[in-house]
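Colleague: Please take a close look at the interface between the two chains in this model. I would like one connected account of what holds the two sides in contact and what they are made of.

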Amino acid sequence: MHRTFTRGRTIMGRLHKGDDLLPTLQRICSELGISQGNLSAIGAVAGARIGYYDQTQRRYEFLHLSRHLEILSLMGNVSLKDGEAFVHAHVVLGDESGGAFGGHLAEGTEVFACEFTIQELLTETPLRRVMDDPTGLFLWGEVG
Amino acid sequence: MHRTFTRGRTIMGRLHKGDDLLPTLQRICSELGISQGNLSAIGAVAGARIGYYDQTQRRYEFLHLSRHLEILSLMGNVSLKDGEAFVHAHVVLGDESGGAFGGHLAEGTEVFACEFTIQELLTETPLRRVMDDPTGLFLWGEVG
Amino acid sequence: MHRTFTRGRTIMGRLHKGDDLLPTLQRICSELGISQGNLSAIGAVAGARIGYYDQTQRRYEFLHLSRHLEILSLMGNVSLKDGEAFVHAHVVLGDESGGAFGGHLAEGTEVFACEFTIQELLTETPLRRVMDDPTGLFLWGEVG
C-alpha cells in the first residue's frame, strides 16, 4: 500500500537543551501545518524513553534510559491520526563506550542537542492511521 | 565518483505482516519502474536475516535472528545491476531490552509492520553496479 | 529554531577503499560548493574513529575501533562553520556477530566501501554554527 507524493517544504533546524524530543517535533509539525512527511535527526540526549512493541501481547513496553547518550539516528514520518499530525519515529542511541541501543521514540526523552530535517510531503489522498487488525497497531489504511 | 540527479517521484507506504522485507521493496521498485533512488524505513520484524561482508575472505556471512525486533532504521539505495533495479539496504534492529543489532539486509526478513519512503532519482548516465576488484563487491562503476 | 529551505542538487556516489570517510565527504561538499544540506550513507569500514560528547565535562572522548565493520547508517548534515562547509555526521556500525556500535563520526575512519547521498539545501539566511553556552557545542545560531 503506497502513494506518490509531491514534495512540500524542507525544514532544517535544531531543538534546545531540555526539550522533550518527541512532543517538540510534534509541536513543530503542528505549528508549521505539516500533516505528512519524513523526518531525520542526530544529536544527544540527557536521558531517553523508548518503546518495544510486544508482537504477541500486542502492546508497547517502555524502557527508561537514565544516561547521557548520542542520538546516532532518528528516522521517522508524519501522517494523520484522528485528523491531527502524528509523528512516528525510531531512534538509535550510543553510549560512552560506543554501545548502541534503541527503540520506538516515546515522550520523556530529554534533548541535550538535536539537529533535525523535516521533508513535507503533499498528496490528494492522505495517509491516515487506522487500527490494523493483524498487528494491533495504528497503521496507514488501504484507503485515505 | 558521483553524479548529480534530478528528483523523481516520492513514494511513501507500508508493507504487510508476513511480507519478506527485501524482495518486497525490490518488487515495489520494479513495479513502479524506479531504477535509481534512495529508501528509508522503520517498523518491526518477526525475524531477520542479515549479512556481514568478510573483507578478508571477500564473501558475505549471513546470520538469522529468530526474534521479534524493531526496525530502528533501514537505509538504502536503488540502482541498476545487470539492467534491473537492485535494492541495497542496511538495517539496525532493536530488541525488548533496547539492545541494537544489524547488518546488510538479506532475503528472509519477515515483516511485522514497515513504513517506507522511496525517493526516485533520475539521471542521464545511470549508476550501474559492476564488479569492483579492490573489494570483491558489485559497486557503481566509474562510467555509466 | 528552524528555517525553510529550497532543495538544490541531489548527489549520489561512492567513496573508494582507503578513503578517510569524514574528510572525504567534507572535500566532496567543498568541491561541489555545497554549504548546506543533508547526507546519508551505507557501506563498510576497515576501522573507525568515533566520538562521544561528555555532557558534564563538555568535551568529546574518542574511541578507535580497529575492526572491519559494516556502516549500518550514516546520517548527517552540512552547514557553515567559520564560513566553510562543515559536515556533522553520526554512524551506526555492525560487526560479524550482528552487534551494533556507534558515535559521532571522526577523522580516521577508513572506508572499505561507501555509498552516499547528499541533498543540497538553499536558503537566504544560512544556518551558521556558533558556540552554544548551554551545551559547549557549536550549534546553529538563532540568527543567520
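Modeller: Between chain A and chain B there are two salt bridges. In one of them A:Arg129 pairs with B:Glu115, with 2.8 Å between the closest N and O atoms. This is a predicted model, and the polar contacts across the interface, counted where both residues have pLDDT 80 or more, come to 17 residue pairs.

On the side of chain A that touches chain B, the elements giving two or more residues are β1 (2-15), β2 (37-54), β4 (69-81), β5 (84-94), β6 (100-105), β8 (129-132) and β9 (137-140). The largest share comes from β2(A), with six residues. By type, that side of chain A divides into 19 nonpolar, 16 polar and five charged residues.

The contact draws 40 residues from chain A and 41 residues from chain B. Together the two chains bury about 3,200 Å², and 61% of that area lies on carbon and sulfur atoms. Of the area that chain A buries against chain B, 24% is supplied by A:Tyr52, A:Gln55 and A:Met75, more than by any other three residues.

As for covalent links, the structure has zero disulfides over all chains.

Notes. Residues numbered from 1 in each chain as written. Chains lettered and ligands numbered in written order. Predicted model: local features only at pLDDT ≥ 70, side-chain atom pairs only at ≥ 80, totals over all residues. Heavy atoms only, no water. Disulfide = S-S within 2.5 Å. Contact = heavy atoms within 4.5 Å. Buried area = accessible area lost by both parts, 1.4 Å probe. Salt bridge = Lys/Arg side-chain N within 4 Å of Asp/Glu carboxyl O. Polar contact = N/O pair within 3.5 Å; in protein donor to acceptor, adjacent residues only side chain to side chain. Helix = DSSP H or I, 4+ residues; strand = E, 2+ residues; numbered from the N terminus. Nonpolar A, V, L, I, M, F, W, Y, C, P; charged D, E, K, R; others polar.
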